[in-house]
Amino acid sequence: MAVAVAIGLWLPAGGRQDAALLLPSAWLGFAVATVLATAGNGPRTLLPRAQTVAFPVSPGAEHLGALLLAPLNVAWMLPTLTLVAVSAWGFGAAPGPAAAVLLAGLAWVLTVTVVAQAAGWLVELARTTRGGTMLVRAVFAAAIVALAALLLTGRMADVLDAAPTRHLLVRAVQAGSGDLVAGVQLLLFLAAVTMTGLVLGRRCCEAVMLAPERDRTRLESRTVRPRPAARTALGAALRLDRAGVWRSPPLRRGMIALTAAPALAAVAAGLDWPMLVLLPSLAASGAGLLFGVNALALDGPGALWRESLPCPPRIMLLARILVIAEVCLVAAGLVAVLGAARAPGPPGVAAVVAVIGAVVATTAQVTGLCTLWSVRNPYPAGLRETRDQPAPPLAMARYAASLAVRTTVVAVFFSLCAEPGMAPAGAALTVAVTALGLRRIYRALHEWDEDPALRARALSTVSTPA
């Protein structure tokens, strides 16, 4: 948080007024993105469902424990830090209002997190009913259609200007200027909404824990038509890995949610080209966290069977690396394309080079880091239930922080290279970062080939039931 505040105070003072005017929209965008991401990808959980047999926890403990683990999730951490940085940027010139806005922003983050968790449990409860999955998909499709209609009719700016968060921010500024009544009213309102979310979330959590999982059972019991055999071993391995990703409920939902959040931000905000360069790195790091940080766990108990196939070990790992790169490239590229469609004015050569370079370089960077982590630090993970994660919470927090810091630093340099006349620097930065990522991939492949003990330890670990 302190680093985010420092970054906000360091940003140019000429943009403080614009940042202050956009802050109500930023609050609303954070709420919408957090609720959609949690509702679409499923609520956070304290323990996987299979472990609740050995470690029975009450619905209240499950709900509150998952809320306490929210800061360990990159989908929560990155938007929160961005919101703090924008708040410090917009009101940094006035210490009193700045402190009040920051405190109100943190209270808003807490309220939105609780409400989003309750919405996630409510959606999960709907999915357990007959026809509930189709209902949830219809609601999300209607939300996307409504957003597209606002963008095509040019009414998005009017909706953002009339955001209800504007009144909350006004109360926070009044509290920072000495009006304590306004501050108390704001805190009482947020506290009431938070308590309502806690009660509703606990009730929905209890109902979900007692209901059967229709999504997983339907997916694992359906009939899949056989396809013609692949011509090469690498092609067969790629086909197997791609099916493993898209047939896994948590990975499929996570891919949609983590791509939709920055994409919606880019489309709604209409960012200029230097700011647009920052979004592909967020999408790539989020896609890597879906399964790339522990990519070998995608096979689960089938990893030992896969290793017994008549194929060089390098081919199997190379196929997994290519799938990680594909997922990261699709996420980053989609965000870049949607943001470019809404960017004001035509781009210069430097901006085009910077955006393409950010997509390619961050994909290589995330893929290289994920490959090394997967080979050297494997974890058992099922990735079958809708709320499974590829690694324990503390490990995910470490991976999320590392990816966020590294990709953001690279993205900031690409943002500087988007200025006119900086195209050669952007191209050179792309080559350098991509080469570093490819070097990490080569090291992982070499260790996998040359060290049978490392390979045996990794496969036996991921084959252990989570």
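Does Pro-95 count as buried or exposed, and at what relative accessibility? At 65% relative accessibility, Pro-95 counts as exposed (over 50% relative accessible area; buried is under 20%, partly exposed in between, with a 1.4 Å probe and protein chains only).

## Basis

This is a predicted model, in which local features need pLDDT of at least 70 and side-chain atom pairs count only at pLDDT 80 or more, while totals for chains, interfaces and linings use all residues. Residues are numbered from 1 along each chain as its sequence is written, and side-chain values use heavy atoms, with hydrogens and water left out.

## Helix H14

In H14 (residues 279–291), twelve of the 13 residues are buried. Among them are Leu-279, Pro-280, Leu-289, Leu-290 and Phe-291.

## Cavities

The model has four cavities of 30 Å³ or more. A cavity is a set of points on a 1 Å grid over the protein atoms alone where a 1.4 Å probe fits but cannot get out; lining residues have an atom within 4 Å of a point. Grid points are joined across faces, edges and corners, and a volume is the space filled by probe spheres set on the points.

The largest cavity has a volume of about 110 Å³. Its lining includes Leu-296, Asp-299, Trp-448 and Leu-459. Helices H15 (303–307) and H16 (313–342) each supply at least two lining residues, and H16 gives the largest share, four residues.

Terms used: 1 Å grid on protein atoms, 1.4 Å probe; cavity = no way out; pocket = protein on both sides within 12 Å on 5 of 7 lines; lining within 4 Å.
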